[in-house]
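Here are my notes on this model, as numbered points. Have the structure open while you go through them.

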Amino acid sequence: MASDPILLIHGAWQGSWVWDAFAPLLEAEGFSVHALDLPGNGNDDVDPRDVTLALYLRYLDGVLEAIGRPVTLVAHSGGGLVATALAERHADQVARIIYIAGMMLPSDWSFADVQREVDGESALPSGVTSELSWSADRQVSTVPRAAATAILFSDCAPDLAAAGAARLTPQGEGGRAIRVTTTPDRFGRVPRIYVEATEDRSVLLKVQRRMQQLVPGATVISLPTGHAPHVSAPHLLAESLLPFLREEDADRPDDIATTRKPIPLTDGAS
């Protein structure tokens, strides 16, 4: 078994709590798992308005220094941008990145750029973006509970969705609407896995697949879940990822996951 420690990076409005059902499944398999709380996401005294990608990376620099060995990054949704930036910054210390319905973007692109390309310049942003509530200065957003249960936790049991929606915290734009500059010889050489959620109502499947086209080379796992399979289907997600975490080539049964080869770069969204 590969023994790389695993860092779990949450997405916008969330915290380490979102991994509560998933992390123990990996720990039971012998992995060292670290579910992180990014600065300003409700677990410290950082004002969301003060959040920046640079602040996230300084925090993660300390995490990597403390661990002192290469790690696997598992990043959900907007946490994918943070994982990409960390891999570019510390290419020798990142063994692989696993994006879970994550934002895997070309150099200097924002997620809004992909949404506009897929949906059209005049269209409202897809997913939860158009449902957000904003501070007067539009520097901090929150997800209304109804939108969270219907979009972010759409395939969860009602009580689980309600609990998740209640735990979401305000999100600073400095840690959400970000762009990451990457290079082929750093981020570009880190192995990547993309877990697409086919029933996702937040990062729609057509958007997920466009990102796979724009940043080709990832091995793709397709799961029949909503936006947060680590919440709604943690056992399914863990079983799907274990062969990769163990660096095995064994096939997975069809009823666990569908694994596809990397999608080639093509024109247009699929």
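1. The overall picture first. The protein chain has nine helices and ten strands, and keep in mind that this is a predicted model. Of its 270 residues, 55% count as buried. If you take the contacts between residues at least 6 apart in sequence, 74% of them join residues at least 24 apart.

2. I'd begin with strand S8, which covers residues 192-197. Six of its six residues are buried, so S8 is largely enclosed by the rest of the structure. In a regular strand the side chains alternate between the two faces of the sheet. Here Arg192, Tyr194 and Glu196 point one way, while Ile193, Val195 and Ala197 point the other way.

3. What does S8 pair with? One partner is strand S4 (residues 94-100), which runs parallel to S8 and is joined to it by four bridges. In that pairing, Tyr99 stands opposite Tyr194 of S8. Another partner is strand S9 (residues 219-223), again parallel, with five bridges to S8. For landmarks on the S9 side, look at Ile193 opposite Thr219, and at Ala197, whose bridge partner is Leu223. S9 is mostly covered too, with four of its five residues buried.

4. Now follow the chain from S8 to S9. Together with helix H7 (residues 205-214), these two strands make a β-α-β unit, and its hand is right-handed.

5. H7 also has a helix neighbour worth a look. Helix H4 (residues 111-119) packs with H7 at an angle of about 110°, and the axes are 10 Å apart. That makes H4 roughly perpendicular to H7. The crossing of the two helices is right-handed. From H4, the contact is made by Phe111, Val114, Glu117, Val118 and Asp119; from H7, by Lys206, Val207, Arg210, Met211 and Leu214.

6. Is helix H3 (residues 79-89) enclosed or left open by the rest of the structure? Ten of its eleven residues are buried, so H3 is largely enclosed. The buried residues are Gly79, Gly80, Leu81, Val82, Ala83, Thr84, Ala85, Leu86, Ala87 and Glu88. They pack against strand S1 (6-9), helix H2, strand S3 (71-76) and S4, so S4 turns up here as well as beside S8.

7. Within H3, pick out Leu81. Leu81 counts as buried, at 3% relative accessibility. Leaving aside neighbours within four places in sequence, its contacts are Met103, Leu105, Arg176, Ile178 and Val180. Leu105 lies 24 residues from Leu81 along the chain, yet their C-alpha atoms are separated by 7.4 Å.

8. Is Asn41 buried or exposed? Asn41 is buried, because its relative accessible area is 4% and the cut-off for buried is under 20%. Leaving aside neighbours within four places in sequence, Asn41 is in contact with His10, Gly11, Trp13, Gln14, Tyr56, Thr169 and Gln171.

9. Three strands form it in the order S5-S6-S7, with antiparallel pairing. Strand S5 (133-134) and strand S7 (171-172) stand at the edges, each with a single partner strand, so one side of each is left without a neighbour in the sheet. Strand S6 (residues 140-142) and S7 pair in the antiparallel sense over two bridges.

Notes
Residues numbered from 1 in each chain as written. Predicted model: local features only at pLDDT ≥ 70, side-chain atom pairs only at ≥ 80, totals over all residues. Heavy atoms only, no water. Buried < 20%, exposed > 50% of the residue type's maximum accessible area, 1.4 Å probe, protein only. Pairing = 2+ DSSP bridges. Right-handed = clockwise from strand over helix to strand, strands pointing away. Axes fitted to C-alpha atoms, helices over the stretch in contact; angles between N-to-C directions. Parallel < 35°, antiparallel > 145°, perpendicular 65-115°, else oblique. Left-handed = near helix turned anticlockwise from the far one by under 90°. Contact = heavy atoms within 4.5 Å.
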